[in-house]
Amino acid sequence: MGNDTGFLQFKKESPPLRPVQERVLDYEEYDTFFPDDDLQKQAARCMDCGVPFCHMSCPLGNMIPDWNDLVYQGNWKEALASLHSTNNFPEFTGRICPAPCEDSCVLTEHYTLDSEEKLNKVNTVTIEEIEKHISERGWDEGWIEAQPPSNLTNKRVAIIGSGPAGLAAAQQLRRSGHTVTVFEKDDRIGGLLVYGIPDFKLGKRIVSRRLTQLRQEGVDFVTGINVGIDVSVNDLKKNFDAVLLAIGAQNARKLTAKGHNLNGVHYAMDFLPQCNRDVVGDFIPENEKIDSRNKLVIILGGGFTAADCLGNINRQGAKSNVRQFELVNMEPRPTPVHEEANTDCRANVLTEAIIDDGKGNVTAVKGVKVEWESKNGRMNMKRVEGTEFTVSADIVLLAMGFLGPTVEGLLENLEVELSVVGTEKSLNPTQVKKLLRNSQPVYSVRSNENFMTTQDGVFVAGDANRGASLVVWAIWEGREAARCIDEYLMGNSVLPSTPQAEVLV
Ligand SMILES: Cc1cc2nc3c(=O)[nH]c(=O)nc-3n(C[C@H](O)[C@H](O)[C@H](O)COP(=O)(O)OP(=O)(O)OC[C@H]3O[C@@H](n4cnc5c(N)ncnc54)[C@H](O)[C@@H]3O)c2cc1C
Ligand code: SF4
């Protein structure tokens, strides 16, 4: 460790976001960068703790104290190598990870006494910023190059889905010498990195340059193919030695309240991909456009997806008094997009009905406050009588979470078993489809400790395996599943493994 008093000498500082008035006029990333020497001061704040909770809390097991020190010493290239040893795509996580590492940084427990003998909290190391900066330095310097395998194994692996889980697995498996084909049903590669997460959080050129690297390493990409429908499951099994399902968990939780199907009510995942397409100039038919310009918008939900809807409507020019209602007892996590609008964020609100203007269009939302009580280990919801309210709306965006992967087609035809939250039993896809007709269970593809589903040679990773989660977890799952596939194909594997971190996100 280079500087053992760095955290006392330097305050935590992050580069400012672009000014609100400027950034809402475009879809460019809102982050800015520090000059290298400012960032080195931030890296100097790391105490190189004996028990580095940050490293243990990063799902990827990123070697945080090591690369903080390397940055402080100015060894950027070595810092990049350390970062890449656990993370295929640090430029993604460096931008959009919620950084559980920073929540665990030991500096959160430290206080200093000021001249008036007052206790002042010492802020955490700005880990995510350092991660982003190291990876960008690597790209700028040309240090990030294709690493094609030197020997081929003649084993063929099909990866279904091109989100972060599929991409991380593809890179690990290709570098081990396997012939890897990634199938994607959409017209672009990237999963939610391109058709969910907005450009102002993660510019799409950041994804494209990684895809170029994967192509140069020899990964084949096939777009516009819905596997299980356009390619049969039998063909898949016949032509490949192993299959990885990295199909995400994009089956959205539905709104069941009266009026849920009025004109003007839209699922977030109908809106967000369209916004990203608009940014790159794709043609969007007039009758499919969701345009919030000069409209009153209400967003239902409090997570990432809801925040991304907010950022997009801020840029489209929605009326400024946006409302965001969350059912559970948790205020929507404030993000940079909340600074951009005069948002009325409320937790503990149940949407009871969406009101019709008499012509089939939304005109208002009727809500009520609720309270939550814990009884026999379950949370029960209670309406608070007398708190009913009605607020006007032209557009309602539904961002209420996700249940699990699409069951129809691939999973159904593969006949892999599924796990349903709240029951220990394994259910087959037909049983889950039946459940979904009357209720909204949260489910995932069932797998063992080696990421293998109930079908031999068929593996699963990412949101399809763990439920809707985070990019950092998807990368971890992709890397771990790749090692298990390599072992399945070759009898052993030299691919690295990181034990599952105990992080509650
Ligand atoms: C709007 C939104 C914003 C988010 N923001 C963040 C964030 O800021 N930070 C963060 O850490 N996480 C964020 N997340 C979560 C994160 O994006 C996901 O956890 C992550 O993308 C999961 O990766 P994945 O590879 O498992 O699946 P996905 O990214 O969902 O990719 C799955 C891919 O599989 C394809 N596919 C599915 N079925 C088939 C088939 N049969 N044939 C061919 N292709 C198929 C899909 O088209 C899709 O492209 C966000 C999620 C959403 C919805
Ligand atoms: S990937 Fe996320 S948790 Fe890991 S070091 Fe980066 S910001 Fe922290």
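In the predicted model, the protein has a radius of gyration of 24 Å, which agrees with the value near 23 Å that a compact globule of 505 residues would have. The C-alpha trace spans about 75 × 65 × 50 Å along its principal axes. The secondary structure consists of 20 helices and 21 strands, and 45% of the 505 residues count as buried. Of the contacts between residues at least 6 apart in sequence, 69% join residues at least 24 apart.

The domain assignment divides the protein into domain 1 (6-141), domain 2 (156-251 + 403-490) and domain 3 (254-400). Between the C-alpha centres of domain 1 and domain 2 the distance is 31 Å. Contact between these two domains involves 18 residues of domain 1 and 21 residues of domain 2. On the side of domain 1 that touches domain 2, helix α7 (residues 90-96) gives the most, with 5 residues. By class, this side of domain 1 comprises 10 nonpolar, 3 polar and 5 charged residues.

In soluble globular proteins, nonpolar side chains tend to be buried together. In the present model, the largest nonpolar core contains 94 residues, and I160, A169, L244, L245 and F459 have the most contacts inside it. Helix α20 (residues 471-490) gives the most to this core, contributing 11 residues. Domain 1 and domain 2 each provide at least three residues of the core. Another core, of 34 residues, lies apart from the largest one and includes L296, A318, V337 and V396.

Two ligands were examined in turn. Ligand 1 is surrounded by 40 residues, of which G161, G163, G191, G248 and G462 are the closest. At least two residues of this shell come from each of α10 (164-175), β4 (179-184), α15 (304-316), α19 (463-466) and α20. The shell around ligand 1 is made up of 19 nonpolar, 15 polar and 6 charged residues. Because domain 2 (156-251 + 403-490) and domain 3 (254-400) both give residues to this shell, ligand 1 lies between them.

Not counting residues up to four places away in sequence, I130 touches L39, Q42, A43, N68 and V71. I64 lies 66 residues from I130 along the chain, and the C-alpha atoms of the two are separated by 9.4 Å.

Note on methods. Residues are numbered from 1 along each chain as its sequence is written. Chains are lettered from A and ligands numbered from 1 in the order in which they are written. This is a predicted model: local features need pLDDT of at least 70, side-chain atom pairs count only at pLDDT 80 or more; totals for chains, interfaces and linings use all residues. A nonpolar core is a set of buried Ala, Val, Leu, Ile, Met, Phe, Trp, Tyr and Cys residues joined through C-beta atoms within 7 Å. A residue is buried if 20 or more other C-beta atoms lie within 10 Å of its own, exposed if 12 or fewer, and partly exposed in between; C-beta atoms are placed from the backbone. Helices (H or I, at least four residues) and strands (E, at least two) are DSSP runs, numbered from the N terminus. Domain bounds come from an automatic or database domain assignment. A residue is near a molecule or strand if its C-beta atom, placed from the backbone, lies within 6 Å of it. Ala, Val, Leu, Ile, Met, Phe, Trp, Tyr, Cys and Pro count as nonpolar, Asp, Glu, Lys and Arg as charged, and the others, Gly among them, as polar. The radius of gyration is taken over C-alpha atoms; the globule rule is 2.2 Å times the number of residues to the power 0.38. Two residues are in contact if their C-beta atoms, placed from the backbone, lie within 7 Å.
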